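Subject: Structure handover

Hello,

Please find the structure below. My notes on it follow.

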Amino acid sequence: MFLDSSDLQAIFLTVKLAAIVTAILLVVGTPIAWWLARSRSRWKGPIGAIVALPLVLPPSVLGFYLLLAMGPHGPVGHLTSALGIGALPFTFWGLVLASVFYSLPFMVQPLQNAFEAIGDRPLEVAATLRASPLDTFFTVALPMALPGYLTASILTFAHTVGEFGVVLMIGGNIPGITRVVSVQIYDHVEAMEYSQAHRLAAVMLVFSFLVLLTLYAWRPNTRKG
Amino acid sequence: MKLLKMMFITCSLLCITSVAQSAEVHVAVAANFTAPMKQIAAEFEKETGHKVVLSFGASGKFYAQIKNGAPFHLFLSADDEKPIQLIKDGLAVDGSRFTYANGTLVLWSAKPGYVDTKGEVLGRGHFNKIAIANPKLAPYGAAAIELLTKKGLLAAMTPKLVQGENISQTFQFVSTGNAELGFVALSQVMKDGKVTSGSAWVVPGALHSPIRQDAVLLSVGKDNVAAKDLMNFLKTEKVKITIRSYGYEN
């Protein structure tokens with residue numbers, strides 16, 4: 001067998017994590033991106049900067065703060081234990097929450113660009129035709145921003161798959177729950193199991209290339225259209 | 001262009017001569033030995049005038065780097081397996097391997113009074129998470145699994161186990177309270193011969209195989225005077241006392 005069962009388990013877990021995170025960010029990212037694209041508020045700068053933070057922060061910083069925040073003495077930890085969920089580190093949903101933060105800019109920024117590219121005109125036209133703002137969003141803005149949604153979703157999915165540092169900091173390396181592919185590869189390398197590391201790393205390489213190829217090959221067509 | 005070339009040549013010459021004059025040793029050190037090694041290196045520099053450049057990290061990563069030409073002269077591993085393998089690979093000097101420290105396993109909690117002095121808290125199992133170092137990678141993790149197996153607690157503990165990728169991360173999980181307790185290295189919770197915070201059970205050495213930490217002279221450093229001096233320095237009684245004060249045996 002090319003990959004053993006623990007490798008396959010890690011792949012399945014990674015895909016599941018990335019899919020859930022992408023779905024959550026589609027819902028959470030849309031209003032943030034819309035607001036950032038349309039607002040003239042003085043808070044636009046600070047909020048935009050906060051959204052972009054994970055792009056520049058080392059995963060160790062993000063992971064460290066998340067570990068403290070989600071731990072039993074942190075604010076998120078207090079909240080989750082008050083809600084009866086318990087502490088989030090070392091759980092799958094803890095990883096989901098962390099990844100939502102970590103991948104936020106990869107969803108919000110392409111969407112924001114897409115929304116900004118629409119401009120005021122189509123929305124004003126819709127308004128003169130008595131479309132409500134919500135109606136305008138779903139019937140005018142959303143279809144026009146569809147390429148942006150595709151880019152944002154692919155980038156978010158791929159970036160979550162490629163996540164390593166944050167998972168290492170808060171995951172606890174539990175098979176089937178928090179041991180994702182990047183951590184599994186790391187384990188193989190650390191344990192001097194280079195041939196297993198090679199196989200899984202090759203899978204990641206091919207996957208990442210195909211994702212980016214899809215993204216770049218598909219983009220020029222939409223520009224023409 | 002000519003000026004640039006001249007500057008480059010001068011620079012390279014300067015670099016070469018400076019290396020030749022002051023003996024400098026680059027050491028790869030297992031993360032758990034960070035604190036004692038800093039102290040030992042400072043004493044060594046003061047006594048000999050050599051310069052020591054320390055890199056700290058996971059032993060497995062160092063192994064991979066050394067195999068791929070990392071310029072370390074000396075390797076202080078967290079186990080004995082990797083130095084043995086490096087000798088087999090022809091990347092370390094045969095016969096230079098020695099045990100610089102034996103690790104002591106400790107069951108530790110950040111909460112005072114949580115871990116009793118006999119470790120009976122394990123059997124009661126009133127906790128959600130117990131942290132260990134990845135047993136596949138870290139000798140401290142393997143020793144913890146061995147102990148749990150011997151006590152017949154492994155099956156009961158398995159759903160509660162969380163793994164740090166090394167002993168430092170394991171310590172971090174416990175010290176932040178994310179795991180109520182965990183198996184860490186005594187050296188991490190001990191300063192000047194005392195456990196400084198929380199509560200701990202020092203696991204008797206008879207309950208698991210020894211956690212032997214070996215050092216080896218790498219082929220890159222076989223003609224390096226400072227590397228050889230440092231190896232001998234690590235074997236002196238004075239340094240052994242320092243190492244013991246950090247919670248190791250030797």
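By the rule used, there are two cavities of 30 Å³ or more. A cavity here is a set of points on a 1 Å grid over the protein atoms alone where a 1.4 Å probe fits but cannot get out. Points are joined across faces, edges and corners, and a volume is the space filled by probe spheres set on them. The largest cavity has a volume of about 200 Å³. Its lining (residues with an atom within 4 Å of a point) comprises 19 residues, and A58(B), S59(B), A78(B), A138(B) and N166(B) are the closest to the centre.

This is a predicted model, in which local features need pLDDT of at least 70, side-chain atom pairs count only at pLDDT 80 or more, and totals for chains, interfaces and linings use all residues. Residues are numbered from 1 along each chain as its sequence is written, chains are lettered from A and ligands numbered from 1 in the order written, and side-chain values use heavy atoms, without hydrogens and water.

On to the domains. Chain B is assigned domain 1 (23-102 + 212-245) and domain 2 (105-202), with bounds from an automatic or database domain assignment. Seven residues of domain 1 of chain B and 10 residues of domain 2 of chain B make the contact (heavy atoms within 4.5 Å). The C-alpha centres of these two domains of chain B lie 27 Å apart.

Between domain 1 of chain B and domain 2 of chain B, the rule finds zero salt bridges (a side-chain nitrogen of Lys or Arg within 4 Å of a carboxyl oxygen of Asp or Glu).

Regards

Key. 1 Å grid on protein atoms, 1.4 Å probe; cavity = no way out; pocket = protein on both sides within 12 Å on 5 of 7 lines; lining within 4 Å.
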